[in-house]
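Hi,

Here is the structure I promised to pass on. Have a look, and my notes follow below.

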Amino acid sequence: HGDREDFADPEWVHRADRPYDPDLSAEGIRQARALARDIADESIDYLYSSSFLRAVHTAYLCGQVLHLPIRIEEGLGERMAAEWFSHRPRTRSVQELKERFDSVDSNYVSLVQPDFPEEYEQTTKRFARAVEVVLRQTRGTLLIVGHGATYHGVASALLKRHFDPQVDPASLSRFDLNDGVWNLTYHNKTSFQGHE
């Protein structure tokens, strides 16, 4: 997802009714639009997103150019760490998200639900389970919009090894399946984010 509203305006959290669920900042919207332009000609069959607003907004901007509905998958959401959250984050329901982002698929039911709180090992297993069930039910190319933790968890599951490098807002990484083995084609691409 793109840059967060609470990172751009630290006071936002004091005014928010859902302080753990910030939207994109103005810079985050710019980043997400640049990402959308970069992937506009890609052949993508499915679009999955975390339920956190910043991820859904990023996915929405991508989905507009790809002409794809957004499947909200809780299993691909933020790590439910007690050191990050004092209680389970309250995100918007699929219906609330659809009211704002019309391309949210209200018929899709999340396949994996996170626990709260989650230890690091639990999160790793949750991401592995989520990507496994998502891949099992789909054929084709997927775009997953999530968080740094999502990327690390999904990448580790696909590559079958611990993978935890730096990842930038609204960056793009690609994994390709060849002869039953997932390979990292590129990581943390941000070259498309040059200022307009």
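Let's start with what sits around helix 4: its buried residues (buried is under 20% relative accessible area, exposed over 50%, partly exposed in between, 1.4 Å probe, protein chains only) are covered by elements including helix 3 (26-39), strand 1 (46-49), strand 2 (70-72), helix 5 (94-100) and strand 3 (142-145). Helices (H or I, at least four residues) and strands (E, at least two) are DSSP runs, numbered from the N terminus.

A word on the source: this is a predicted model, where local features need pLDDT of at least 70 and side-chain atom pairs count only at pLDDT 80 or more, while totals for chains, interfaces and linings use all residues. Residues are numbered from 1 along each chain as its sequence is written, and side-chain values use heavy atoms, with hydrogens and water left out.

Back to helix 4 (residues 53-66): twelve of its 14 residues are buried, among them R54, H57 and Y60.

In the contact (heavy atoms within 4.5 Å), I29, A32, R33, L35, A36 and I39 of helix 3 meet H57, T58, L61, C62, V65 and L66 of helix 4.

Elsewhere, strand 4 (residues 172-178) and strand 5 (residues 181-189) run antiparallel, joined by six bridges (strands pair if DSSP finds at least two bridges between them). L172 has K189 as its bridge partner in strand 5. Two residues lie between the strands of this hairpin, where D179 has a positive phi near 50°.

Cheers
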